[in-house]
Amino acid sequence: MQSLILGLLAALLWGLHDFTVRKIGPKADAAALYLIVLAVGAALLLPLAVFAGGWVTLTAPVLLLTLASGFAAALAGYGLYRAFAIGPVRLVAPICGAFPLLSVAFAVARGAEAGPLVWLGVAAVVGGIAIVARGESDDTAGSKRAAVAWSLLACVSFAATFGLLQWAAELGADLPVSLLSRLAACAAMLAWVAVQRVDLKPAFVFLPQLALMGALDVTALTAVTIAGGFARPEFASVASSIFGLVTILLAWRFLGEALKPLQWAGAVVVFAGIAVLGLV
């Protein structure tokens, strides 16, 4: 149950994050936006990780898992930003939101048990997200084929990020692991920005929004990381995947965007899936 709660907290925070990125994503380069978000999150996490201690637990295997998770996080975040920048949401969201299937498969590969009830709950969450996304606009700012490719990259990378982070957190201290993973992601994105000669200036126009997004993102990812210390950490990954539903509900509540009956039905299916996992 603790893992589910942490995952739902992460979903709420990432929903708020994506609610913001939907408004500024098309206005600046995705790499520039994500680099600033990563850097702000690292700056906020640094003092907490330093004073939390536990750095002696960062053995060579833990460091390897942590650095790999940071590289995967860079791919996941950039893929997500790129996918949503060119859309459409009804195509991108179901693909990006399918990573719980991979998360559970990764846990099974590491020895966790996943009976029919677990797969039923995960399938309900993933299917419900797809149903909700079907009611979104079909507008696109680029190639649908490219949107699918970026979405697939984000999906696989999210599963890898969470699996590796939680594995590292099982062996080492949560906050140092989270900080080093984020610094690795920052380094990866900084290298990409330098190689591509991305202009950062347009992104700094949105610094207040990006600072908020950085705080939301680092808190959400740390919550999923902490789940590595509890039973069934993969459930945190599953629950966090409903962030897209949270974003759509926020747009309905605060922007007046209409929700179709099909989307409400999808939301019910999602939360039914979460409830099923709560029974495991």
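Predicted model: local features only at pLDDT ≥ 70, side-chain atom pairs only at ≥ 80, totals over all residues.

Me: What is the mean pLDDT of the protein chain?

Reply: pLDDT is the predictor's confidence in each residue, from 0 to 100. Here the chain's mean is 88, and 96% of its residues reach 70 or more. Helices (H or I, at least four residues) are DSSP runs, numbered from the N terminus.

Me: How many residues does the largest nonpolar core have?

Reply: In soluble globular proteins, nonpolar side chains tend to be buried together. A nonpolar core is a set of buried Ala, Val, Leu, Ile, Met, Phe, Trp, Tyr and Cys residues joined through side-chain atoms within 4.5 Å. Buried means under 20% relative accessible area (1.4 Å probe, protein chains only). The largest core here has 49 residues; Trp-14, Phe-99, Val-122, Phe-158, Phe-162 and Leu-277 have the most contacts inside it. Helix H7 (residues 144-171) gives the largest share, 9 residues. Apart from this core lies another, of 27 residues, including Tyr-34 and Met-189.

Me: Where do the buried residues of helix H5 fall, seen down its axis?

Reply: An α-helix has 3.6 residues a turn, so residues three or four places apart point the same way. In H5 (residues 99-109), Phe-99, Pro-100, Ser-103, Val-104 and Ala-107 are buried. They fall within an arc of 140°, so they line one face of the helix. The arc is that of the directions from the helix axis to the C-beta atoms. These residues pack against H4 (89-96), H6 (116-134), H7, H11 and H12 (243-254). Gly-111 follows H5, with a positive phi near 110°.

Me: Is Glu-234 buried or exposed?

Reply: Glu-234 has a relative accessible area of 5%, so it is buried. It lies in helix H11 (residues 234-240). Contact means heavy atoms within 4.5 Å. Not counting residues up to four places away in sequence, Glu-234 touches Ser-103, Val-104, Ala-107, Ala-112 and Gln-166.

Me: Why does Ala-168 count as buried?

Reply: Because its relative accessibility is 0%. Ala-168 is found in helix H7. Leaving aside neighbours within four places in sequence, Ala-168 is in contact with Val-62, Leu-65, Thr-66 and Val-177.

Terms used
Residues numbered from 1 in each chain as written. Heavy atoms only, no water. Buried < 20%, exposed > 50% of the residue type's maximum accessible area, 1.4 Å probe, protein only. Helix = DSSP H or I, 4+ residues; strand = E, 2+ residues; numbered from the N terminus.
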